[in-house]
Amino acid sequence: MDFFVTRSSGRLHPALYDVISGSFALTRLWDCETLSGPERGRAFEGAFYGFCEGRGLRLTERAGSRTLCGSVSASGLRHESDAVIVLPDIIIHVETKHLGHEVSKNDLMIFNQKGLDFMMSGATPLTARPLYRVFLSGGPLSPEARRFALLWGIVAVEPDVLPLPVLHWLAGSSFAEHPGFRHSAERIWRDVPVLVASLQERIRRLPSCLEGHLETLSRSRIERYLEDVQMACGDRCWRELDYIDPFWLENIYSEFSRHLPRLTKMNWSSALVE
């Protein structure tokens with residue numbers, strides 16, 4: 001995509017744009033026709049690790065790990081972390097799913113509780129940097145799951161919905177001048193950083209909710225962004241991107257695809273070990 005973010009204020013962390021755009025290309029274009037059930041989910045994790053390798057993103061935890069950034073949970077429960085990306089000024093906790101059915105709200109609630117349990121440990125490696133969460137799904141999320149993700153600042157990445165950080169990046173680029181996007185770009189640039197929030201930021205807002213001063217996010221605001229922005233505006237942006245460059249997503253995918261393991265039904269587990 002030959003659009004470049006030029007605005008200096010209000011940006012998300014650059015790693016979020018990178019991880020989300022690459023994850024979106026992965027969930028759209030990764031071929032898993034030879035796999036099914038749990039082996040497909042594990043292979044999907046392996047494909048995400050290949051993406052991270054291709055982009056030079058350091059993983060401190062992979063599937064099977066029972067820590068987050070090296071820290072154990074406050075409760076002592078051994079929650080599994082699928083992937084944790086650690087940079088000097090940000091942590092990105094990733095949950096991967098590739099189910100044969102729609103992702104339910106329970107999957108998002110469990111992922112959110114993992115983050116809260118780890119954060120309540122007070123471990124410095126977690127509290128010193130903003131912790132962002134990404135739920136990467138090879139299939140669609142239920143409407144309830146999408147609403148829950150927005151409420152808690154979790155970035156949901158699924159095959160048929162343009163993720164909010166991608167929309168935000170477009171809103172701060174020359175793409176914002178396109179007629180079908182111009183009237184929405186300023187609002188998206190202003191509001192998405194409120195919706196895509198670190199876990200610490202969501203926790204900081206809880207006392208005000210308890211005292212009756214405000215909601216974390218109002219139900220009407222969540223519905224408006226799901227329907228008017230992410231669905232309607234996102235679909236228009238997607239069509240316009242396809243018109244400008246029909247291979248924009250394929251170009252993103254090609255930048256890291258050579259790092260993905262070539263998996264078949266017989267060799268996926270050994271490829272993950274390697």
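In the predicted model, the count of cavities of 30 Å³ or more comes to one. About 110 Å³ of space lies in this largest cavity. The cavity is lined by 13 residues, and those closest to its centre are Leu150, Ile154, Ala156, Leu164 and Gln230. Two or more lining residues come from each of helix H5 (143–151), strand S5 (155–157), helix H6 and helix H9 (219–244). Of the elements involved, H5 gives the most to the lining of the largest cavity, with three residues. By class, this lining consists of 10 nonpolar residues, two charged residues and one polar residue.

The largest pocket holds about 360 Å³ of space. Its lining comprises 15 residues, of which Tyr17, Asp18, Ser21, Trp169 and Ile252 are the closest to the pocket centre. Four helices each supply at least two residues of this lining: H1 (14–29), H2 (37–55), H6 (164–171) and H10 (248–254). The most is given by H1, with five residues. Nine of the residues that line the largest pocket are nonpolar, three are polar and three are charged.

The strands are described next. Strands of a sheet pair through backbone hydrogen bonds, either parallel or antiparallel. Here, five strands form an open sheet with mixed pairing, in the order S1-S2-S3-S4-S5. Strand S1 (59–65) and strand S5 are the edge strands, each pairing on one side only. On average, neighbouring strands of this sheet are turned by 20° against each other, direction ignored.

Leu87 has Ile90, in S3, as its bridge partner. Helix H1 lies across S2, S3, strand S4 (131–137) and S5, and runs at about 10° to S4.

As to confidence, the mean pLDDT of the chain is 89, and 92% of its residues reach 70 or more. Residues 264–274 have a pLDDT below 50, and this stretch has 17 contacts in the model beyond near neighbours in sequence.

How values were computed:
Residues numbered from 1 in each chain as written. Predicted model: local features only at pLDDT ≥ 70, side-chain atom pairs only at ≥ 80, totals over all residues. Heavy atoms only, no water. pLDDT = per-residue confidence, 0-100. Contact = heavy atoms within 4.5 Å. 1 Å grid on protein atoms, 1.4 Å probe; cavity = no way out; pocket = protein on both sides within 12 Å on 5 of 7 lines; lining within 4 Å. Points joined across faces, edges and corners; volume = space filled by probe spheres on them. Nonpolar A, V, L, I, M, F, W, Y, C, P; charged D, E, K, R; others polar. Pairing = 2+ DSSP bridges. Axes fitted to C-alpha atoms, helices over the stretch in contact; angles between N-to-C directions.
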